[in-house]
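Biologist: I would like a close look at one part of this model, the strand pairing and the helix packing that goes with it. Please give the cut-offs for each term as you go.

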Amino acid sequence: MKTVTLGTLRECKRAGETFSCLTAYDASFAHAASQAGIDVLLVGDSLGMVLQGHASTLPVTLADIRYHTRCVARAKGQSLLMVDLPFMSNSSIERLLQDAGELMRMGAELIKVEGEAWMAEGIRELTRRGVPVCAHLGLTPQSVYQFGGYKVQGRETERAEQIVADARALVAAGASVILLECVPASLGKAVRNAVEVPVIGIGAGPDVDGQILVMHDVLGVSAGRSPRFVKNFLKDAADVQDAFRRYHEDVKARRFPAEEHCF
Ligand code: KIV
C-alpha cells in the first residue's frame, strides 16, 4: 500500500474522493487499521474517555499522548499519523511549540489543535517551523464545560457563519487540514466548499473530504449512549480488521455516513 501523506489527502479533495481516518492508541490496533487500508490514524485525546474512563478529555496529559504516540508510531504502516495536543497545550505559544515539537520527534506527521480563530497565531508559528496542523472546529471536546455538554454546534445561522469564518482564518494562518465535529450536514458542506484544504468530518455529514470515528465506536465497545453519528462495523464483520476494512470501504464508497448518522 502506498504511504499516505498530506499530498494524498489534498489529491483526494481535488479528485472529489474521500479518505478514511480512525483513532488508534496502541500498536496492535494501529497495525490492524493500517492493514485494513485506513488512510489516517489519530492518537486522539479521546483516550481519556475510551481508555481511561474519564467523563471528558480534559484530564489527558502530554505524557499520556506521548506514550500512545510512541506505541502507534511503531505500527502505523502506510497510514498518516495525526496526534492531538492535550488540553492547555495551547495556553502559550512557547508551550504549543514545545509540545508539538516533542510529538513530531516521536513520529507525529500532523498535529491536531482545538480552538477557533484566536488559534491563528499559534498555527502560524507552528507551520513556520515545519509542523503541519489540523485545526479542530465545531464541537471541540476540550471546551465541553463551556458548551454545557456534547451538543451539536452551528445549528443557528450566526454560529454557523462563525465556524465558516474561523475555518477560513485558520487556513489563512497555515492550517493544512480542518476537522469538523458534530455540526449539521449543511454546515459540513459549507466549510468543505469554503476552504481549499481537506476537511475531515465526524458527525458533519457526507459532504466533507474525509471521515473519522473513534475506534471503540467502530467496534461497538464504547460505554454509555452512542452519539447519532457512530456505527458499529464489527456487528457484521468476521473480525476486528474486517470491521476496519468495512468502515474504510463504506467511507470510500460514500455509504457512510448515511442519513441516519447526520444532523
Ligand atoms: O480525540 C479524538 O479522538 C478526536 C476525534 C473525536 C476526532 O478528536
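Modeller: Two strands are taken to pair if DSSP finds at least two bridges between them. Strands (E, at least two residues) and helices (H or I, at least four) are DSSP runs, numbered from the N terminus. The model is predicted, so local features need pLDDT of at least 70 and side-chain atom pairs count only at pLDDT 80 or more, while totals for chains, interfaces and linings use all residues. Residues are numbered from 1 along each chain as its sequence is written, and side-chain values use heavy atoms, with hydrogens and water left out.

Eight strands form a closed barrel in the order 1-2-3-4-5-6-7-8, and their pairing is parallel. From one strand to the next the twist averages 25° (angles run from 0 to 180 degrees between N-to-C directions, and axes are lines fitted to C-alpha atoms, for helices over the stretch in contact). In general, strands of a sheet pair through backbone hydrogen bonds, either parallel or antiparallel. Within it, Leu42 stands opposite Met82 of strand 3.

Helix 4 (residues 62–73) packs on the sheet and touches both strand 2 and strand 3 (contact means heavy atoms within 4.5 Å). The direction of helix 4 makes about 170° with that of strand 3. Helix 9 (residues 185–194) also packs on the sheet, where it touches strand 6 (177–181) and strand 7 (199–202). Its direction makes about 170° with that of strand 6.

Helix 9 has a helical partner as well. Helix 8 (residues 157–172) packs with helix 9 at an angle of about 30°, their axes being 9 Å apart. The two are therefore roughly parallel to each other (under 35 degrees counts as roughly parallel, over 145 as roughly antiparallel, 65 to 115 as roughly perpendicular and the rest as oblique). Helix 8 contributes Ala160, Ile163, Val164, Ala167 and Arg168 to the contact, and helix 9 contributes Leu187, Ala190, Val191 and Ala194. By class, these residues are eight nonpolar, no polar and one charged (Ala, Val, Leu, Ile, Met, Phe, Trp, Tyr, Cys and Pro count as nonpolar, Asp, Glu, Lys and Arg as charged, and the others, Gly among them, as polar).

Cys182, in the loop between strand 6 and helix 9, has a positive phi of about 55° although it is not a glycine. Cys182 is buried, with a relative accessible area of 4% (buried means under 20%, exposed over 50%, partly exposed in between, with a 1.4 Å probe and protein chains only). Met88 lies in the loop between strand 3 and helix 5 (93–105). Met88, though not a glycine, also has a positive phi, of about 80°. Met88 is partly exposed, at a relative accessible area of 39%.
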